[in-house]
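Colleague: I have a new model open on my screen and would like to learn how to read it. Could we go through some features together?

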Amino acid sequence: MEFKFDCTCFLKATARILVLATLVASVSALAATPLIDFESAAAVDELPYRIRGKNALDIVPVFSTSGTNSLRFTSPLWRKGLPEWPSFELKPTLRDWRGYDRLVVDIINPSPENFFFALYVSDARVPFREGLHHKFTLASCGASRSVIQLSDFPDKVNRAEIATLHFFGERPHSDMALHFGSIMLLKKGEEIPEPPARFIKEMATLSKDALDAADRTIALLGQTVEPYCETPEIRANARRHLERLSATFQTLRQELTSELPTLDKLAVLQSELAKIPARAARLSAMLKYQQSCVQAGIALSPMLVGTASSMEQLLPRDAPFTLQPLRTVQVRLARNEKESFQLAVLPADGGLEQVSVSVSDLVAAGGATLARSRIDCDVTGYVETKTRPPYSVTHVGWWPDPILNFLGPIDIAPCDLQSFWVRIRAPRDQASGEYRGTLTVTAANAPAVKLELRVRIYGFTLPDESPLPLAVTFAPHDSPTAATKELHADWHSSPDYPVNAWKKHAVAWGDFLADYYLTYDSLYHSGMPDFEILQRLKAQGRLGYFNLGYWFYFNDNEAARTTWQSGTLARLRAVYDKAKEFGLLDRAYIYGCDEVATNFFARVEEAAALIKAACPGVPIMTTTYDQSYGMDSGINSVDIFCPLTPKFDLEQVARARAANKEVWWYICCAPHHPYANMFIEYPAIEGRLLMGAMTAKLRPDGFLYYQISIWNSQKPITDGPFTDWSARSWTTYHGDGAWSCVGPDGTPLPTQRLENFRDGLEDFAYVRILEERMRGQESDPAAAAWLAEARAALAVPETLVANMKEYARDPAALYAWRDRLAELIERAPAPLLPLLKP
């Protein structure tokens with residue numbers, strides 16, 4: 001559990017804004033037990049600590065939350081040759097923790113940077129990495145209080161003999177100095193002590209510095225927006241917004257400087273102060289956009305409308321934005337493809353009421369029609385992140401994610417930006433050509449805005465099935481934290497709890513998943529797959545690959561082997577027989593030994609060999625940490641090896657394929673940047689690149705993902721656009737293991753990330769279709785020039801994807817490559833051929 005008295009720094013123009021949130025603490029009824037003494041100047045010399053590399057510990061007379069001194073840990077900016085995990089260890093003299101139920105750690109971070117920092121606690125017998133683990137949520141230029149429940153200790157750790165507190169960071173991106181204001185133990189019933197008045201004064205002093213910085217920011221804003229105020233209307237808007245911002249600031253200054261506030265009051269004031277730079281950035285972006293509209297010849301209106309691609313994240317508030325002031329939107333897609341873009345709506349001054357987007361039928365020159373029913377204009381929903389996750393992010397707050405196909409019209413508050421997700425779904429029998437129609441944005445209190453929509457339908461058709469083999473889990477569950485596990489236990493009894501509510505719509509969920517090239521499947525199930533849904537998907541021509549069941553190795557003794565054979569092996573064989581009965585074995589795989597370490601490889605092989613004999617013809621897959629992909633490990637009976645994307649080694653892949661092995665890849669809570677992933681805060685284009693251009697360049701044989709339905713919300717989404725759906729998914733991650741949401745009555749809702757996942761696979765389908773067009777052309781001299789162009793396009797330009805760590809984030813670069821593929825397919829000299837199945 002994290003309680004924060006957050007003093008977050010912002011950088012806007014050249015000014016830094018320090019922000020303080022609250023240290024949640026009640027009046028102390030009983031005394032806590034200090035674990036480490038920071039009060040003696042010589043105490044650091046007496047501490048039984050270990051320290052690594054160029055890191056340092058010292059005691060300083062500031063930022064104490066329980067006395068006078070704090071313990072400071074410093075580590076330099078990470079460079080090659082320095083420890084990747086700067087760390088130190090404390091050996092507590094109080095080793096018997098059985099009488100305590102909480103460990104409280106106060107960490108003050110005076111830097112504007114946000115650092116990763118975590119803790120392991122263990123006894124002398126259990127390796128510290130197998131002990132109690134906690135990741136701190138550090139404030140930027142502020143302090144955080146972590147209350148760690150000791151009930152979370154693994155059973156194998158002896159709480160009577162606690163020997164090590166191992167604190168560590170990861171590759172600091174600037175010089176890091178963290179102050180430990182106190183480290184204390186609490187017994188049941190003991191309350192956390194209030195910090196001393198001196199600490200509040202130190203934080204208040206920081207707030208006064210922040211006020212001066214905010215004052216400079218507002219003054220600088222007044223100067224920098226001048227170039228964007230070329231018309232009287234824009235000048236009037238700028239003046240009104242600046243006056244409101246200045247009035248808010250002056251009120252804050254008066255309240256912060258009139259007297260020393262209480263801690264709670266200080267937190268409220270600092271929370272408001274924290275919004276000033278974000279509001280300034282939003283105001284600057286809005287004025288720039290108004291000016292760009294004028295320059296594009298678009299008349300200004302109380303309702304501003306712009307466009308963005310589906311690969312961009314448009315934050316609804318407290319952040320700048322970039323929009324295109326277009327009045328003609330152009331979309332290109334193949335038959336049986338879906339392609340989206342965003343319309344963004346924001347008020348020029350006050351709020352907007354009852355806003356909606358609609359579309360007409362689109363008509364081609366020859367009279368063919370693309371019906372309006374094939375075009376969705378859905379409201380983008382927003383989820384709120386409340387803490388910093390274990391990876392770097394640019395913003396904590398509201399992020400776009402769910403697509404609310406049930407909602408509208410909606411109101412838009414002053415200064416908010418609202419995105420509408422416009423999705424074109426081209427039928428597989430749609431005539432090729434360019435179609436034109438009208439998009440209309442209406443509001444109850446503003447004139448309507450109309451845009452021309454042009455949609456080009458290519459003359460080729462995408463497949464109903466994924467062009468890349470997939471193994472992706474849809475098996476809804478939650479991921480409670482120590483602080484929420486009792487709440488989640490109560491919610492489980494409600495039929496409205498999302499992990500229960502979806503079940504009444506299982507068939508609809510199966511169809512929904514297939515819309516995104518996914519199969520109703522689970523990597524980890526130990527029962528019977530839903531063959532009714534699988535047969536339905538087969539009849540639709542949309543069945544992908546599915547797992548017969550999860551398996552794990554058994555211990556090295558005859559009793560364990562016998563138990564495993566009568567349990568796991570018999571279960572897998574029963575599912576195998578049922579799949580064979582339904583004619584589905586050609587789409588089956590068997591997954592097991594998830595991320596198993598090297599010292600168990602012999603056990604993995606023994607189990608895999610028995611499965612291969614019992615279930616002939618079905619490939620066996622694993623994410624076991626075998627970086628040789630079966631070439632040097634002795635794991636001969638596994639058919640498909642699946643490393644994490646950074647471990648995908650092209651030379652080893654070639655060796656494995658020569659031995660008739662497949663090598664897929666996967667992501668999960670790793671990797672982090674610079675590698676691509678699909679967290680809520682990561683650029684949306686990364687998911688599309690991973691499934692499209694990166695796949696085309698590096699050619700994994702398939703893609704695996706462990707879960708898309710970790711749902712931690714109490715109820716389905718029934719309102720919006722600012723939802724109460726939990727952004728937290730697995731542990732403290734945002735969106736990891738959660739690409740879907742639950743709508744009214746348990747119905748499926750996609751996310752923008754899931755849309756980009758599918759769009760990437762559709763990009764890869766363009767690659768597969770072009771490859772099909774190339775077949776048999778090598779012997780035709782007339783096709784030589786076209787073949788050379790096609791080979792160049794299939795190589796994927798370095799400007800789009802250089803490698804797994806270097807890739808473009810500009811949608812224009814991806815569209816240019818995709819359009820080039822389409823153009824080459826369209827003028828292929830070969831007859832149009834069906835796409836080979838993956």
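Modeller: Gladly. Let us begin with Cys593, which counts as buried because its relative accessibility is 0%. This residue sits in the loop between strand S29 (588–592) and helix H10 (601–614). Although Cys593 is not a glycine, its phi is positive, at about 50°.

Colleague: Which other residue has a positive phi although it is not a glycine?

Modeller: Arg171 does, with a phi of about 40°. Look for Arg171 in the loop between strand S13 (162–169) and strand S14 (176–186). Arg171 is partly exposed, at a relative accessible area of 38%.

Colleague: How far can I trust what I see?

Modeller: Keep in mind that this is a predicted model. The protein chain has an average pLDDT of 90, and 92% of the residues score at least 70. Where pLDDT is low, the coordinates should not be read in detail.

Colleague: Where does pLDDT stay under 50?

Modeller: One stretch is residues 1–29, for which the model has 118 contacts beyond four places in sequence. Another is residues 832–838, with 21 such contacts.

Colleague: How do I read a helix that has a buried side?

Modeller: The general idea is that an α-helix has 3.6 residues a turn, so residues three or four places apart point the same way. Now take helix H8 (residues 531–540), whose buried residues are Phe531, Ile533, Leu534 and Leu537. These four cover an arc of only 160° around the axis, which puts them on the same side of H8. Glu532 and Ala539, on the other side of H8, are exposed.

Colleague: What covers the buried residues of H8?

Modeller: The cover includes helix H7 (506–514), strand S28 (546–547) and helix H9 (558–581). Just after H8 comes Gly541, with a positive phi of about 75°.

Colleague: What is in the loop between H7 and H8?

Modeller: Tyr520 is found in that loop. Beyond four places in sequence, Tyr520 touches several residues, among them Phe474, Trp502 and Asp530. Its contacts also include Ile533, Leu534 and Leu537, which are buried residues of H8. Tyr520 and Ile533 are 13 residues apart along the chain, and their C-alpha atoms are separated by 7.4 Å.

Colleague: And cis peptide bonds? Which residues do they join here?

Modeller: A cis peptide bond joins Gly408 and Pro409, with omega about -10°. Pro409 lies in the loop between strand S22 (398–404) and strand S23 (410–412). Another cis bond joins Ala670 and Pro671, with omega about 0°. Pro671 is in the loop between strand S33 (665–667) and helix H12 (685–691).

Terms used: Residues are numbered from 1 along each chain as its sequence is written. This is a predicted model: local features need pLDDT of at least 70, side-chain atom pairs count only at pLDDT 80 or more; totals for chains, interfaces and linings use all residues. Side-chain values use heavy atoms; hydrogens and water are left out. Buried means under 20% relative accessible area, exposed over 50%, partly exposed in between (1.4 Å probe, protein chains only). Helices (H or I, at least four residues) and strands (E, at least two) are DSSP runs, numbered from the N terminus. The arc is that of the directions from the helix axis to the C-beta atoms. Contact means heavy atoms within 4.5 Å. pLDDT is the predictor's confidence in each residue, from 0 to 100.
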